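Me: I am new to reading protein structures. Could we go through a few backbone features together, one step at a time?
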Amino acid sequence: MSIPKVIGLEQEYAVTLQGRSDFDPIQISFLLVNSLKKASDTLWDYRDESPFLDARGFNASEEKEIRVSHRDNYRINNLLLNGARLYVDHAHPEFSTAECRSLREAVAFDRAGERILEEAARRLARQHRGSPDILIYKNNSDYKGNSYGCHENYLVESRVYDQIFPAYPAYPKLISQLLVPFLVTRQVLCGSGKVGSENGTAPCDYQLSQRADFFETLIGANTTSRRPIVNSRDEPHADRKRYRRLHVILGDANMSETSSFLKLGTTQLILRMLEDNWALPNLAIEDPVRALVSISHDPSCKAPIAMADGRRLTAVEVQRLFWEPASEYVTAGLEPAANAEAREVVQLWDSILSALSKEPMELADRLDWVAKLALIDRYRSRRNLGWDSPRLKVLDIQYHDVRRGRGLYYLLLREGRMRRMLADDTMVERFITQPPESTRAYFRSKCMEKFGHGITEANWDALTFSVGNQKSQKIRLADPLKGTRALTEHLLQSATTPTELLEALGGHP
Amino acid sequence: MSEQKKVKKESASTGEQQSTQPEDLQEAGDRIEQELDRLDQMIEDALGEHEADAEKKAQEFVDGFKQKGGE
């Protein structure tokens, strides 16, 4: 039986200063991160991180660890009480969601991140009246060859993770035959759309993905250069003997809830099938990096790509070949709780693929890339503009503006032109301040809320308590499925001091 | 209502079917056109200052949208 697919998202936001081109994005990121009141002086614990460890059994860099001074650590990080981390990554404010157990939780938490950044900019505007407004965009490219990520994280059984990433130089069969073709073609569902091309790829008017132009290789632990379609960074943030984290860096930042739901839901299903040894087809692509770009540059979704076995299939046809076993898998009904959302994913995936194979523009109220294309193409036609008009790029960028009163996605939403996966904003509002209740994020968040002054360091899978003169004590949160409200609420309520909590825990939440 | 007068529109995602008479279609068309005009106006509002001297200001905005690579 597959394990629950705990999900997290990491979004690097773009920032600008209205009417100014001489802004410092790093400085703005620091201001945004620190504009929101910190719950405590707790620092981020970098000691457990291993971003350079490649899952294939080697180090991708001579660097062994991240070193950050105490002062910088405090300025870079804001550990939020909803279990998320808001911090400065490179030159971007990055919002990493708490660990979510359901797709709707993940979609809502991702949206809560937009609200938190929107509020951070609003607070800065109040504090610095008369200064230019800080504008924040949830996208992935600046048209100048710079890309920044929206990474997905999926909890995977260690056994299966090791099959995905066999020790180098063994042939990575599951990556070549399964993950790469799935991820390369997935953009028809969850691309965010972009005007033009960049990074040296062939010119085009419009493409499906914000990210496709930036990938150069098949597998690798890097994320900043020679970006790989499958990221092999082996950083589990959990007990590595049981769990690993599949870190997917290929995806776009989504505004559409349907695109986001499908991005996470279809990927989750593929991983569940792998864990349950479900029969999956060999869909190896002859040249995946080239196919990634050619699919992205074809909004008709009709251009075929060359498969390794000589077939020529469209991205929609490849996705359909993944959908077929997924449909059978879900119908088999292995786990009722996980299956309710999985059934929804399969139905939605089916209907979207059907529409894509007939007339993609029918999906203008569902998918980001189609909604944006419909909006831009209509504007372009009515004003007789060429695709090289900079006004179209402005529309493209404005689609991702997180301000609800200004962003074009939000305009479509207000006008009833985008369908939602969330019934309303109730869950989004909750996740602005509260953690999901069915993962360890609950325990981490509530400890921070109640005992933050006694917690010197924290990260995804550990809390370090330092109480009085006692030696500091690191509590491991090695199982993302534990530390839930059901398991720890009583314990957290009954402990009145960190010492009592630690005694009650005996070292294990 | 005869079957000939019905125009069936199938939703791509749900398979729901809607029936509409031609006169309704005319009204719906006018309404949609009005909504699209309003949408255009709202886009222009959203673009704000970029619309006055549109191409030049848009180019300035795009040029000024400089980010650094991340991840």
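Reply: Gladly! Keep in mind that this is a predicted model.

Me: Where is the peptide bond cis?

Reply: Go to the bond from Tyr168(A) to Pro169(A), where omega is near 10°. Pro169(A) sits in the loop that links helix H4 (158-164) with helix H5 (173-190) of chain A.

Me: And what is the phi of His237(A)?

Reply: His237(A) is not a glycine, yet its phi is positive, near 55°. You will find His237(A) in the loop between strand E14 (227-231) and strand E15 (243-248) of chain A.

Me: Is His237(A) buried or exposed, and why?

Reply: A residue counts as buried when 20 or more other C-beta atoms lie within 10 Å of its own. His237(A) is buried because it has 23 C-beta neighbours inside 10 Å.

Me: What about Cys301(A)?

Reply: Cys301(A) has a positive phi too, of about 60°. Its loop runs between helix H7 (288-296) and strand E16 (305-306) of chain A. With 21 other C-beta atoms within 10 Å, Cys301(A) is buried.

Me: How many residues of strand E1 are buried?

Reply: Six of the six residues in E1 (residues 7-12) of chain A are buried. One side carries Ile7(A), Leu9(A) and Gln11(A), the other Gly8(A), Glu10(A) and Glu12(A).

Me: Which strands does E1(A) pair with?

Reply: E1(A) runs antiparallel to E10 (residues 150-157) of chain A, with five bridges, and antiparallel to E8 (residues 92-96) of chain A, with three bridges. Leu9(A) has Glu152(A) as its bridge partner in E10(A), while Glu10(A) is partnered with Ser96(A) in E8(A).

How values were computed. Residues numbered from 1 in each chain as written. Chains lettered and ligands numbered in written order. Predicted model: local features only at pLDDT ≥ 70, side-chain atom pairs only at ≥ 80, totals over all residues. Helix = DSSP H or I, 4+ residues; strand = E, 2+ residues; numbered from the N terminus. Buried ≥ 20, exposed ≤ 12 C-beta atoms within 10 Å, placed from the backbone. Pairing = 2+ DSSP bridges.
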